[in-house]
Amino acid sequence: MNKKTLLLTALLAAGTGSAAHAETFKFAFQGSLNFLDPYSLNETFTLSSLGNAYEGLTRRGSDLSIEPALAERWEIIEPNRWRFYLRKDVKFHNGNDFTAEDVAFSVERVRSEGSDLTTRVPGDAKVEIVDDHTVDFVLTGPNPILHYEWDTFYIMDKEWTTENDAVKVTSASDTTPNYASLNANGTGPFKIVSHEAGVKTVYEKHDGWWDETKHNIDTVEFTPIASDATRVAALLSGELDMVYPIPVQDIKRINDNAGTVALTGPELRTIFLGMDQMRDELLYSDVKGKNPFKDEKVRKAFYQAIDAEAIKQKVMRDLATPSAIMISPFLFSKASEFERYPYDPDNAKKLLEEAGYADGFSVGMDCPNDRYVNDEAICQAVAAMLARVGVKVDLNAQPKAKYFAKVLASGGFDTSFYLLGWTPGSLDSWNVMSNLMNCRNEAGEGSPFNLGGFCDEKVDELTGQVLVEIDPEKRDGLIAEAYKISHDNAYYIPLHQQGLAWGVADDIELVQRADNQFKFRFINKN
């Protein structure tokens, strides 16, 4: 860490900054903001962007602790009944009042067909409106983490959504967006005043925001820039105030440049590989009449053919930590009990031979090229490593909009082998288990992001127990048992925890949260 980074970090920690003058803040991300509907895509950049305009009943602060937001407080008044007291005198950007009707409407909409955030509220939970500013969530059993991931469950205006014929959610695979996909009407600190997907999105300060404003930004302009070189050049020239991610190989250049610094830190995201273990025949392979990924030996062969340490060093330039489980070690007390299977291409060949694939086989691989740090380069490295044990990978790297539309439930889980990243919105293992590790059907009911569709009923059973267990030691034991089952069967191949790398002008103060969410309310421009 150089002096400039130290200085900026100190400013971030102190939370200092002047609110004496208004400013325009310009930034770029590698991918685009395609939908403004807050329920279309459960993806960090999209949810982070929309979280500047929309708000939930709760939110997370700069240290990721849960804070009151549209609910000013809550309590458990019966074992299975949570009561939320809503903040009064809150207005949506169009001037409509925020009430309990909006909460009930949003709960139903987020659980409806087309939503990519259906797990935010339990499917069997009932919402009862007590009065205009009080709502009860009635559960079928204890749930100590009901509100853990409501930071990105945003409340919509029932009247605005209904009047504009946008009650049905536009899914990530829909080609005809509705009104809510092109326009936004939240209660948050910034209004989206113009939006052209793939070109530019402009935010303006919401003067009627209910909370105390601590930033000094009047306008925010977001431009997607896919090219790493162009993005970094725009920062170095002063055209932009912030860009992310920055290529790890450019960190030194940005730090050496007068007026810019690189902010790096750990991220709570696990990058991993998944395999279709559900279909009887892969969609994209020269193996016909059977699915090689149903064989545990093939999955472990893939695991041991991939050198995660080499990916860390050569692709990620050490801005990653190889991982043995599907959650950040910062978020699970027993993470140190797990170790990766060793890189061993000879044993991988042996396992493939034992499984009946001594000559290898071919398989298609889906990979985003503008979502995670060096995502396409990681996939290229994986393909090269698998080639050494006889597996030919046909790599399909594409922008995240096309990637997600293809591989998610709305696209029919159209993949055989894929790379994905996951940060648990609740910062808790139950989120990982319920979203990635439970059985699902073809519609995605169950674990909607278990794209490979493996099904282990013991993991499902453990997930249910984890949800209601309140003893921390017992709970972590149940979680460890589920991760061990996944590890022993190689249901997934965890690769690494990626690091954050942002490039920032050194007159900017902001907060780099470990969940990679970028909130404008923390920005000050000096």
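Here's a quick tour of this protein chain, from its overall build down to a couple of individual residues. Keep in mind that it's a predicted model. The chain has 526 residues, and its radius of gyration of 23 Å agrees with the value near 24 Å that a compact globule of that length would have.

**Overall build**
- You'll find 15 helices and 19 strands in the chain.
- The C-alpha trace spans about 70 × 60 × 45 Å along its principal axes.
- Buried residues make up 59% of the 526.
- Looking at contacts with a separation of 6 or more, 71% link residues 24 or more positions apart.
- The accessible surface is about 20100 Å², and carbon and sulfur atoms account for 48% of that.

**The nonpolar cores**
- The largest nonpolar core brings together 97 residues, with Phe302, Phe417 and Tyr483 having the most contacts inside it.
- Helix α11 (residues 375-387) supplies the largest share of this core, at seven residues.
- There's also a second, separate core of 61 residues, and Val103, Met242, Tyr244 and Ile508 are among them.
- Back to Tyr483: leaving out residues up to four places away in sequence, its contacts include Ile325, Met326, Ile327 and Phe332.

**A look at Thr270**
- Thr270 sits in strand β12 (residues 260-275).
- With a relative accessible area of 1%, Thr270 falls under the 20% cut-off, so it counts as buried.
- Its side chain makes a polar contact with the side chain of Gln497, at 2.8 Å.
- Beyond its neighbours within four places in sequence, Thr270 also touches several other residues, including Ser323, Leu420, Trp422 and His496.

Note on methods:
Residues numbered from 1 in each chain as written. Predicted model: local features only at pLDDT ≥ 70, side-chain atom pairs only at ≥ 80, totals over all residues. Heavy atoms only, no water. Core = buried A, V, L, I, M, F, W, Y, C linked by side-chain atoms within 4.5 Å. Buried < 20%, exposed > 50% of the residue type's maximum accessible area, 1.4 Å probe, protein only. Helix = DSSP H or I, 4+ residues; strand = E, 2+ residues; numbered from the N terminus. Contact = heavy atoms within 4.5 Å. Polar contact = N/O pair within 3.5 Å; in protein donor to acceptor, adjacent residues only side chain to side chain. Rg over C-alpha atoms; globule rule 2.2 N^0.38 Å. Areas by Shrake-Rupley, 256 points an atom, 1.4 Å probe, with all protein chains shown as cover.
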